[in-house]
Amino acid sequence: MGYNMLKSKNGARTYTENSLEQAALSFIRDWCEDLRFDHSRAVSRDAKKPDLDGTSLYQNQIPYNMQMDIDRLCLENAVERFLKSGRKEDAFDVYFCYLEMFVGDYEKVRRMIELLSEFEANGSGLLMKHRDHYVHSVYVFILGLAIYGSNSIFRKAYKEYYKIEDEGKAACHYLQYWGLASLFHDIGYPFELPFEQVASYFEVEGDKRQGSPFVAYHALESFIMIDDAVKDRLKEIFGDHSFHTVNELFARILWDKLGKIYGFTEEEMLTYLKEKPVCPENFNYFMDHAYFSASVLFKKLFAEMGCEMTKEHQDALTAVLMHNSLYKFCIAHYKSDANIPFRAEFHPLAYMLMLCDELQCWDRIAYGRNSRKELHPMGCTFDFSDNAVKAVYLFDEKEVSKINAFKDAYIDWLQKPEGKAPALKAYSGMHIKGKKDISGFQEDIERIVDLTDIKLKVETGLGHRMHTGSRNYLSDSNFINLYHFAMVLNGRWDNAGWKEAKKAGQEEAFLSDASALKKFSDAFKNLSLEYKLSNINQAKAFAGYLDEIGCFYTDKIVDFELLEGFDRDDLLKIGVLEHRRWLKEHYDMGWTYGNPDKKDRDLVREHKDMIPGISEGVSEISIEQAKANYDRLSKAEQDKDTEPMECMLAMLRMFDGLRIYRLK
């Protein structure tokens, strides 16, 4: 039995056939079984002498390929958690899994993605129009997995483009490079936001931007220059051609792939790229975040981290570069009569990114002043059968009065069409059909990407609010420092210094010691992805536990009782809740009840603290089941569920400047 047997341990997952959930999760589970395997090593944990060269809780504890299969299951579970909640904190898990699996040390890239979330949450309220891009990018990633797994037409184009015959190898290849393009396509938004903030300051509805002050970026030389080591690698790929800047590199790649099709020269493309950050007036007074996303990603991966560069990496970067205005207005001029919709065989990653970026407009937080007033879809149901995409965008049924008022106004306008037609963004763009009997929303997508072979059908409907009861708690921070919290939660277990500091009430002083944090960081990096995620999810759960005991944390000064510590009843509730989380997490990762030697636990995936009599296929653990199992544990084992939460009190104060309050 191979390691990919782990895919069947959680047999309780059932989703509607050809839905987004079913298509995306089955892609990771069924199409990517051998993801990152090294077939020169042992390929079954049941071999008589398995090679214990993989990492679990400790190094050299399980076979290497078993570790790779567990990593794949981590990604599958992270995607499932996110689809159930839609929460920013669960989007974090998907980013974390991808980076750990395909890029390397998360600490080296953490600010790159955390900045996007933090910047949006804090700065976007000053804009007229702006919606979330952090969670959006994870939805785009998942949507692209679903389309690839369900659409044989796109798979054929992808395999032919990259000359990969084997279906499994092609799927694993796609997952790696599609993840790079989709998850990071909007990381350049922190460059666009200040531009839009200044524009919004002077903007009155209906006014043009010409004549008002605007932001432009100069002194970009160090930002776009390519260092010597990367230049040498590029020479190997391009046959001794020397590139000095990312602008030159991107211009050459785009001209080579698309110049003849769309009729532009390498020099023309280079001019566009040079002017993007410094002359927004040449682009209708808009700043293209996609240019900065591609440039930031290039510099981070190849100049700072020294990652290996391949043609696939370049494809991912140019897909990011084109996904916004560059393709629409500088390459295709997509609203002109000469427009040629983009085909998958031109550049599969760019095709998929443009398609999914347009389709993913549901369940996005509206930050901008005007965006908050508009009616956006709260959810979307998909049907990917028959090599097609059917999307039904769902609007909140509680907004039906607003929808009906718009429909009445639109009918009146049809009878007497004077002035502009009434609009209710984004509902009207999806609901009203044009001359081709498709909505303006769908018509716009079909001008961007060619959907001759991959049919698209867009409809609207009404539904209940998504993620009811699972999205927010009273606890609030700008961006909870999950990675740092997880690192400390793991490191404090066997650390005598932490225990002494806790006994003396000096936790914050201990956490200020750089040498202690360095030890915690090194220990955390040595864990497998499974155990890193376990610590991260333990930190994430804290806000929910506080909610259960009538407490919350915030960075605001509020008139409630300040909580200095938990009482006995608080700890009992928290302990049972944390034990339930631990149980569900382990069942999802293929663990069952058993009492093997401690050194063999991770190899056989059995643990004595699981519930006796329950094996696999667990969809949920009730609070009663968790309480009964918690009560049978020793005091030392119970403390493992409560001590981390007490540690969180100190960390919230130390790292995020937050305080915890009791409602009563």
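Trainee: In what order do the three strands of the antiparallel open sheet stand?
Mentor: This is a predicted model, in which local features need pLDDT of at least 70, side-chain atom pairs count only at pLDDT 80 or more, and totals for chains, interfaces and linings use all residues. Residues are numbered from 1 along each chain as its sequence is written, and side-chain values use heavy atoms, without hydrogens and water. Strands (E, at least two residues) and helices (H or I, at least four) are DSSP runs, numbered from the N terminus. In this open antiparallel sheet, the order is β4-β8-β5.

Trainee: Which strands are the edge strands there?
Mentor: Two strands pair if DSSP finds at least two bridges between them. An edge strand pairs on one side only. Here those strands are β4 (551-554) and β5 (561-562).

Trainee: Which residue in β8 is the bridge partner of C551?
Mentor: Strand β8 covers residues 659-662, and pairs with β4 in the antiparallel sense over four bridges. C551 has its bridge partner in β8. That partner is R662.

Trainee: Why is one side of β1 and of β3 left without a neighbour in the other sheet?
Mentor: That open sheet has three strands in the order β1-β2-β3, with mixed pairing. β1 (379-383) and β3 (455-463) stand at its edges, so one side of each has no neighbour in the sheet. The reason is that each has a single partner strand.

Trainee: In which sense do β2 and β3 pair?
Mentor: Strands of a sheet pair through backbone hydrogen bonds, either parallel or antiparallel. Strand β2 (residues 388-396) joins β3 over nine bridges. Y393 has T460 in β3 as its bridge partner. The sense of the β2 and β3 pairing is parallel.

Trainee: At about what angle does helix α19 run to β3?
Mentor: Axes are lines fitted to C-alpha atoms, for helices over the stretch in contact (heavy atoms within 4.5 Å), and angles run from 0 to 180 degrees between N-to-C directions. Helix α19 (residues 440-448) lies across β2 and β3. Its angle to β3 is about 150°.

Trainee: How many salt bridges are counted?
Mentor: The rule asks for a side-chain nitrogen of Lys or Arg within 4 Å of a carboxyl oxygen of Asp or Glu. D93 and K540 meet it at 2.7 Å, N to O. By this rule, the count is 38.

Trainee: How many residues apart in sequence are the parts that D93 and K540 tie together?
Mentor: D93 is in helix α3 (residues 88-103). K540 is in helix α24 (residues 529-540).

Trainee: Are D93 and K540 buried or exposed?
Mentor: Buried means under 20% relative accessible area, exposed over 50%, and partly exposed in between (1.4 Å probe, protein chains only). D93 has 0%. K540 has 9%. So D93 and K540 both count as buried.

Trainee: K608 forms a salt bridge with D609. Which class does the accessibility of K608 give?
Mentor: The closest N and O atoms of this pair are 3.4 Å apart. D609, at 6%, counts as buried. K608 has 28% relative accessibility, so its class is partly exposed.

Trainee: Which residues does Q314 contact, leaving aside neighbours within four places in sequence?
Mentor: Q314 is in helix α14 (residues 311-322). Its relative accessible area is 5%, so it is buried. With those neighbours left aside, its contacts are L234, I237, F238, I253 and M309.

Trainee: What share of the protein's residues counts as buried?
Mentor: The protein has 29 helices and eight strands. It has 664 residues, and the buried share is 56%.
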